[in-house]
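Please open the model in a viewer and keep the sequence at hand.

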Protein chains: 2
Amino acid sequence: MSFAPTPGAPYYAVIFSSLQRTGDLTDYAATAARMLELAAEQPGFLGVESARSEGGLGITVSYWRDKESILRWRQHAEHLLAQERGRTEWYAGFRLRIALVEQERAFSAS
Amino acid sequence: MSFAPTPGAPYYAVIFSSLQRTGDLTDYAATAARMLELAAEQPGFLGVESARSEGGLGITVSYWRDKESILRWRQHAEHLLAQERGRTEWYAGFRLRIALVEQERAFSAS
């Protein structure tokens, strides 16, 4: 996974930080992959960046054109089911923050 | 590392996504740790969350009271030196996004 090809600001970011439970994570990886695939099909989706430290925090930042797109994705039927399994099976805890991106800078080594 | 103890919105997030170079990363880990320590001492710092997938993307999100605090930290002398080494030695590329957090939700499994 590389950088999200976001346009110039402004646009929205959903910052999702999570800690997995220890123990049974059946279906977690497949569902996470499916959600990335499904999110990418939604209107207003701009891209996603994701990282997880082994045994530690995971951070997934998805980028969206506007807040309406975020709210629509949150209510998507298959996504609602995944959210429910997240709370009941997979996550020890999470934080979800919705933020308006005001500035962006990019660097690439030459 | 766990979740940043942010207050209620609004506050600012600096979303820093990076890809490391392959090869010599001398001083990288020590400098990164030192920057987290130093950032935590700055006025307006609210917390930080960080994750790096092995061989892949790293995402560090730091949280700040206001944009002035972010600009002041960006200009901190020791931080400027680290930024320069980041560009010339450690990072193949990065994205830095400054965003106003408008909403936050927390979940903890009981």
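Predicted model: local features only at pLDDT ≥ 70, side-chain atom pairs only at ≥ 80, totals over all residues.

Residues are numbered from 1 along each chain as its sequence is written, chains are lettered from A and ligands numbered from 1 in the order in which they are written, and side-chain values use heavy atoms, with hydrogens and water left out.

**The two chains**

Begin by colouring chain A and chain B separately. A rotation of 180° with 0.0 Å of shift along its axis places chain A on chain B, with an RMSD of 0.0 Å (superposed by least squares on the C-alpha atoms of residues with pLDDT of at least 70 in both). This is the relation of a two-fold axis. The same surface serves both copies, since 100% of the contact residues of chain A recur in chain B.

**The interface**

Next, select the residues of each chain that touch the other. There are 46 residues of chain A in contact with 46 residues of chain B (heavy atoms within 4.5 Å). Between them the chains bury about 4100 Å², 54% of it on carbon and sulfur atoms (buried area being the accessible area, with a 1.4 Å probe, that two parts lose on being put together, summed over both). Within chain A, select A:Phe3, A:Arg105 and A:Phe107: these lose the most area to chain B, together 19% of what that side buries.

The rule for polar contacts finds 29 residue pairs across the interface, both residues at pLDDT 80 or more (a pair of N or O atoms within 3.5 Å; within protein, one must be able to donate a hydrogen and the other to accept it, and residues adjacent in sequence count only if both atoms are side-chain atoms). Which element gives the largest share of the side of chain A that touches chain B? That element is S4(A), with 18 residues (strands are DSSP runs of E, at least two residues, and helices runs of H or I, at least four, numbered from the N terminus).

**The strands**

Now display S4(A) and strand S4 (residues 91-108) of chain B as cartoons. They run antiparallel and are joined by 15 bridges (two strands pair if DSSP finds at least two bridges between them). Along this pairing, A:Ile98 stands opposite B:Gln103, and A:Glu104 stands opposite B:Arg97. Within chain A, ten bridges join S1(A) to S4(A), again antiparallel; there A:Gln20 has A:Tyr91 as its bridge partner.

**The charged pairs**

Side chains of opposite charge can pair when their charged atoms come close. Across the interface the rule finds six salt bridges (a side-chain nitrogen of Lys or Arg within 4 Å of a carboxyl oxygen of Asp or Glu). Select A:Glu104 and B:Arg97, which form a salt bridge with the closest N and O atoms 3.5 Å apart. Then select B:Glu49 and A:Arg97, where the corresponding distance is 3.2 Å. This pair crosses from strand S2 (residues 45-52) of chain B to strand S4 of chain A.

**Backbone details**

Finally, show the backbone at A:Ala9 and A:Pro10, whose peptide bond is cis, with omega near 5°. A:Pro10 lies in the segment before S1 of chain A. In chain B, a cis peptide bond joins B:Ala9 and B:Pro10, with omega about 5°. The last stop is A:Asp27, in the loop between S1 and helix H1 (28-39) of chain A; its phi is near 75°, a positive value in a residue other than glycine.
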